[in-house]
Amino acid sequence: MQYHAVINGYPVSAHYDDQNVEEIFIPLLRRLQQLHESRARRIIAFIAAPPATGKSTLVDFLSHLAAQLPSMPAVQALGMDGFHYHQDYILSHTVVRNGKEIEMRRVKGAPDTFDVQRLRDTLLALRAGNLRWPAYDRMLHDVVEEAIPVTAPIVLVEGNYLLLDQPIWRDLPRDYAVFITADEILLRQRLIERKMRGDKTHEQAALFYQESDGPNVRLCLSSHLPCDLELQLLPNGTFMQRS
């Protein structure tokens, strides 16, 4: 199934295997429908995955797919990136890596560049009622507050660290969790190619992976909480259900 959309301000095209749609994605949506009906409140589902697994496009596609299913409640896709610290904060603060203090901007995208306590508070408020969700503008390279009105009875929140097994992160409220894993070699290739499409040389892209993307990928893969559904991204772009 071909899918075309605008994600984070950029046009994207993706192909989803028909078997994946029938055997993984539709059953996932129906499971969320069951949770919504049994708990009689908004359902929050996490799609957690390392960078370059296509999670932003996937949650958007799932929202689109839900609208095609008879009797399915509305599903809304949201991203975690709106909970980055604002750019002025990132540019004026430091973090410690390997015993050395470095500028936070050098590791933007790492867990400590997110306001996780605010994310937790917002998720708790989202269970109780509608609100406006922050978004990350990739053209401004900054957070836009209250950008997205959230009204759907089922929300899919995607992000790298939603299942991170660290303090506060592990306390994020959720009703259902999906984790997408992949081989690091595959993700490295995808991330370097992504940077090169953004006018970086191969050497610059490889260095950025070594300093920033690579540690984030390995952290996501090695330190995540148990999930309700685990999928593996295969080199051909399809998914295999692992649990």
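**Sheet, cores and aromatic cluster in the predicted model**

Phe46 stands opposite Val157 in strand β9. The model in which this pairing is found is a predicted one, and the two strands concerned, β3 (residues 43–48) and β9 (residues 154–159), run parallel and are joined by six bridges. Both belong to an open sheet of six strands, arranged in the order β4-β9-β3-β10-β11-β12 with mixed pairing. The edges of the sheet are formed by β4 (75–79) and β12 (239–241), each of which pairs on one side only, and neighbouring strands are turned against each other by 25° on average, direction ignored. Helix α4 (residues 116–128) lies across β3, β4 and β9, and its direction makes an angle of about 140° with β3.

The largest nonpolar core comprises 45 residues, of which Tyr16, Phe25, Leu32 and Phe239 touch the most other members. Helix α1 (residues 18–39) makes the greatest contribution to this core, supplying eight residues. When neighbours within four places in sequence are left aside, Phe25 is in contact with Tyr16, Asn20, Leu58, Phe61, Leu62, Leu65 and Phe239. Apart from this core lies another, of 26 residues, which includes Leu78, Phe83, Leu131 and Leu163.

Aromatic pairs, of which the structure holds 10, were examined next. The rings of Tyr3 and Phe61 have centres 5.3 Å apart and planes at 70°, so this pair is classed as edge-to-face. Because Tyr3 lies in strand β1 (residues 2–7) and Phe61 in helix α2 (residues 55–66), the pair ties together parts that are 58 residues apart in sequence. Both partners are buried, Tyr3 with a relative accessible area of 8% and Phe61 with a relative accessibility of 0%. Phe61 also forms a stacked pair with Tyr16, with a centre-to-centre distance of 4.3 Å and an angle of 20° between the planes. Since Tyr16 lies in the loop between β2 (10–15) and α1, whereas Phe61 lies in helix α2, this pair ties together parts that are 45 residues apart in sequence. Tyr16 likewise counts as buried, at 6% relative accessibility. Ring pairs link Tyr3, Tyr16, Phe25, Phe61 and Phe239 into a cluster.

Helix α6 (residues 202–222) contains a kink of about 50°, centred on Tyr209. Tyr209 is itself one of the buried residues of this helix, the others being Ala205, Ala206, Ser212, Asp213, Gly214, Asn216, Val217 and Cys220. The buried residues of α6 pack against strand β10 (176–181) and helix α5 (184–197), and β10 lies between β3 and β11 in the strand order of the open sheet.

Definitions and conventions
Residues are numbered from 1 along each chain as its sequence is written. This is a predicted model: local features need pLDDT of at least 70, side-chain atom pairs count only at pLDDT 80 or more; totals for chains, interfaces and linings use all residues. Side-chain values use heavy atoms; hydrogens and water are left out. The bend at a residue is the angle between axes fitted to the seven residues ending there and the seven starting there. Helices (H or I, at least four residues) and strands (E, at least two) are DSSP runs, numbered from the N terminus. Buried means under 20% relative accessible area, exposed over 50%, partly exposed in between (1.4 Å probe, protein chains only). Contact means heavy atoms within 4.5 Å. A nonpolar core is a set of buried Ala, Val, Leu, Ile, Met, Phe, Trp, Tyr and Cys residues joined through side-chain atoms within 4.5 Å. Two strands pair if DSSP finds at least two bridges between them. Axes are lines fitted to C-alpha atoms, for helices over the stretch in contact, and angles run from 0 to 180 degrees between N-to-C directions. Rings of Phe, Tyr and Trp (its six-membered ring) pair if their centres lie within 6.5 Å; planes under 30 degrees apart count as stacked, over 60 as edge-to-face and the rest as tilted.
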